[in-house]
Amino acid sequence: MRVTGFGVIEQAGRELHYIASGCIRTPAGELALRLKTILDHLGDIIALHRPAQAAIEQVFVNVNPQSTLLLGQARGAAVCAAVLGQLAVAEYTALQVKQAVVGNGHANKTQVAEMVRRLLNLQGKLQADAADALACAICHAHGGQGLGRMATAGYRVRRGRLVAPGKKGAGWL
């Protein structure tokens, strides 16, 4: 829970534009103060960029239960920041994010970061946590729960992809 990534993108039609990204680094010490750091920094980012919606990755059960608990608490601070900023919050599994960004739900972090860089036309290397946050935003923009006013009513999910009404095969919107 020492580092929490964030990413802000804008969708114009089918095009995605990078706005901002980075990492919030929490100080050593008491858990409550570290959670407050996440809450405050994300609140500032929301106030500055005024996003319409928020997307966050769901916590997976890790081998280490203590790490899973800490990650869940950091995630809770992020959800609270979004709710305090009056944003709707969508949640995605790591598998959904990887499928939406790379086309492979079992892609590694390097593959995800490279695809994020390409999809957003970015130069240079992204910090891993920022790349993950941007990937979650891209997943949301690609049709998960409707970012960018993308009409998804009537669509269904098949093999992790959105399928248009009346279509038999899986495909991207």
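Here are some notes on the predicted model above, covering confidence, salt bridges, a surface patch and the cores.

1. Ground rules. This is a predicted model, where local features need pLDDT of at least 70 and side-chain atom pairs count only at pLDDT 80 or more, while totals for chains, interfaces and linings use all residues. Residues are numbered from 1 along each chain as its sequence is written, and side-chain values use heavy atoms, with hydrogens and water left out.

2. Confidence. The mean pLDDT (the predictor's confidence in each residue, from 0 to 100) is 85 for the protein, and 82% of the residues score at least 70. Helix H1 comes out highest at 97, whereas strand E6 (residues 161–163) is lowest with a mean of 49. Helices (H or I, at least four residues) and strands (E, at least two) are DSSP runs, numbered from the N terminus.

3. Stretches to treat with care. Residues 145–155 have pLDDT below 50, yet the model gives this stretch 28 contacts beyond near neighbours in sequence; a contact means heavy atoms within 4.5 Å. Residues 167–173 also stay under 50, with 17 contacts beyond four places in sequence. Where pLDDT is low, the predicted coordinates should not be read in detail.

4. The whole structure has five salt bridges, each being a side-chain nitrogen of Lys or Arg within 4 Å of a carboxyl oxygen of Asp or Glu. One of them joins Lys36 to Asp40, with the closest N and O atoms 2.5 Å apart. Both sit in H1 (residues 31–49), four residues apart, or about one turn of the helix. Lys36 is partly exposed at 45% relative accessibility, and so is Asp40 at 34%; for these labels, buried means under 20% relative accessible area, exposed over 50%, and partly exposed in between (1.4 Å probe, protein chains only).

5. Glu114 and Arg118 pair at 2.8 Å between the closest N and O atoms. They are again four residues apart, here in helix H4 (residues 109–119). Arg118 is exposed at 56%, while Glu114 is partly exposed at 27%. Arg117 belongs here too: Glu114, Arg117 and Arg118 are linked in a network of salt bridges.

6. A bridge between elements. Glu91 and Arg75 meet in a salt bridge at 2.3 Å, N to O. Glu91 is in strand E4 (residues 88–92) and Arg75 in helix H2 (residues 65–84), so the pair ties together parts that are 16 residues apart in sequence. Arg75 counts as buried at 18%, but Glu91 is partly exposed at 35%.

7. A nonpolar surface patch. Val59, Phe60 and Leu71 share about 240 Å² of accessible area, computed by the Shrake-Rupley method with a 1.4 Å probe, where for residues only the protein chains shown count as cover. Patches are made of residues with over 30% relative accessible area and no salt bridge, joining like charges within 9 Å and nonpolar side chains (Val, Leu, Ile, Met, Phe, Trp, Tyr) within 5 Å. Phe60 lies in the loop between strand E3 (53–57) and H2, partly exposed at 47%.

8. The cores. A nonpolar core is a set of buried Ala, Val, Leu, Ile, Met, Phe, Trp, Tyr and Cys residues joined through side-chain atoms within 4.5 Å. The largest has 22 residues, of which Ile9, Val97, Val116, Leu120 and Ile138 touch the most other members. E4, helix H3 (94–102), H4 and helix H5 (128–141) each give two or more residues, with the largest share, eight residues, from H5. A second, separate core has 17 residues, among them Ile45 and Ala81.
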